[in-house]
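Open your viewer and keep the selection tool at hand.

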Amino acid sequence: MEDVQKHSVHTLIFRSLKRTHDLFVSNQGNLPDIDDRLEKLRRSIKASDTYGLVLDRANKTMDAKKLSAMQNGDPERPLAITDGSMGLAASGADLSATSSEGGAMVRYSRDKEKSSCNTTISLVRASMPSNSSGGVINVHLIPKKAASIPKPRWHAPWKLSRVISGHLGWVRCIAVEPGNEWFATGAGDRVIKIWDLASGKLKLSLTGHVSTVRGVAVSAKHPYLFSCGEDRQVKCWDLEYNKVIRHYHGHLSAVYSLALHPTIDVLATSGRDSTARIWDMRTKANVHTLTGHTNTVASVVAQATKPQIITGSHDSTVRLWDLAAGKSLCTLTNHKKSVRSIVLHPSLYMFASASPDNIKQWRCPEGNFVQNISGHTAIVNCMAANTDGVLVSGGDNGTMFFWDWRTGYNFQRFQAPVQPGSMDSEAGIFAMCFDQSGTRLITAEADKTIKVYKEDDEASEETHPVNWRPELLKRRKF
């Protein structure tokens with residue numbers, strides 16, 4: 001007796017899948033046959049549901065016209081769609097129309113067969129006066145316009161302008177001061193360094209943290225620099241004396257992000273204890289503890305209008321907060337993976353959230369979903385946006401993607417070069433921001449450097465055309 005060859009369960013399942021695929025592959029693109037009876041029923045239900053309020057009026061008007069035609073001995077005319085200048089009477093036709101001085105009323109007859117009409121039409125109510133005698137509502141037949149995807153704006157490509165080295169650990173955060181003269185960085189070497197933006201030279205080093213510095217922010221109204229780190233500390237530095245003048249105690253674990261409110265003197269921080277905390281800048285009081293996330297809150301941003309606080313968390317949700325009440329207004333659960341970065345658009349009333357599955361755009365204040373920006377499949381650590389409509393995302397593997405904000409078109413992508421002597425695995429981007437003019441992009445990277453990018457002045461629409469293919473840019477609405 002011949003031995004039966006034994007296969008693994010994986011092989012057997014794969015063979016079964018392949019047989020099923022081969023069986024149905026020839027019919028894959030074919031739609032099922034249209035059932036005329038069901039199609040007729042569907043149309044009649046839709047007609048009664050959508051136009052039920054006016055169908056009886058159309059019936060009465062049509063009957064009245066037929067009666068008057070019979071009394072006057074006027075033979076029935078064939079069906080036609082007119083501008084209402086001549087009376088119509090139709091029986092035994094697919095579409096019945098009633099005429100008036102202002103226009104024609106088009107009615108779908110559920111009792112007759114479907115006419116051979118392939119164009120998509122919609123009944124749109126016209127703003128013309130109704131007939132004085134019958135009061136018939138005027139409705140015109142207008143073809144629908146196909147939805148179009150807007151063409152993206154041309155943006156100049158960006159190129160590396162300067163590499164600044166000086167930190168002894170991963171550079172984790174960046175903040176540009178409102179006067180656009182210098183910027184601050186925090187790193188794994190526990191030092192905050194302040195650099196001249198024009199020359200890239202080191203101006204000052206601030207020591208005081210006992211663990212990695214994860215967030216920095218510069219106040220626009222006070223000479224203060226705020227910092228937070230993995231040592232659970234939130235510090236306020238007076239830049240006139242270059243000393244710590246306030247500590248904000250309360251976080252139970254590492255603090256990963258902080259943001260300053262643009263109009264009132266409050267500070268928002270978030271961290272690994274799954275909370276975001278609102279602090280009074282002057283009194284150091286913990287005004288609100290925003291609880292609700294179930295995992296690390298990786299990003300927090302603040303704006304002057306509702307929602308004033310937005311947080312993104314590793315529990316894959318984005319929450320919009322009521323700052324006055326200290327409660328969650330809305331929870332956005334569209335992401336499937338950790339949300340590591342949130343960025344506000346500098347001029348539009350919108351924000352974007354980044355996750356390895358997608359970058360998603362939202363409209364304030366309710367957090368309405370706008371569109372997905374797909375393509376950056378790495379772990380997206382950071383994003384930045386400027387007023388020209390450029391959105392940049394930085395990945396954990398050192399990839400940078402440049403997008404057109406309005407359309408989600410990816411007009412440039414590249415791998416950030418690592419510092420000589422570094423391993424390729426150290427090509428990671430942890431933070432990025434534009435300067436106040438939006439013309440320079442500063443990134444903080446895992447090879448311990450800070451890189452400054454600027455637009456290529458020599459590029460034009462002829463040298464770098466927009467490779468726009470709308471059939472590949474269908475927006476996914478979920």
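Here are the stops, in order.

This is a predicted model: local features need pLDDT of at least 70, side-chain atom pairs count only at pLDDT 80 or more, and totals for chains, interfaces and linings use all residues. Numbering runs from 1 along each chain as its sequence is written, and side-chain values use heavy atoms, without hydrogens or water.

**Whole protein.** Colour by secondary structure. The protein has 2 helices and 32 strands; these are DSSP runs (helices H or I, at least four residues; strands E, at least two), numbered from the N terminus. Of its 478 residues, 46% are buried (under 20% relative accessible area; exposed is over 50%, partly exposed in between; 1.4 Å probe, protein chains only).

**Largest nonpolar core.** Select W158, V392, M400, F402, M432 and L441. Among the 15 residues of this core, these touch the most other members. Such a core joins buried Ala, Val, Leu, Ile, Met, Phe, Trp, Tyr and Cys residues through side-chain atoms within 4.5 Å. Now show β26 (380-385), β27 (390-395), β28 (399-404) and β30 (429-434), the elements giving two or more residues. β30 gives the most, with 3.

**Another core.** Select M350, I359, M383 and F401. They are among the 14 residues of a core apart from the largest one.

**Back to L441.** Which residues does L441 contact, leaving aside neighbours within four places in sequence? They include W158, A384, K451 and Y453 (contact: heavy atoms within 4.5 Å).

**Last stop.** Select V9. This residue lies in helix α1 (residues 9-24). V9 counts as exposed because its relative accessibility is 59%.
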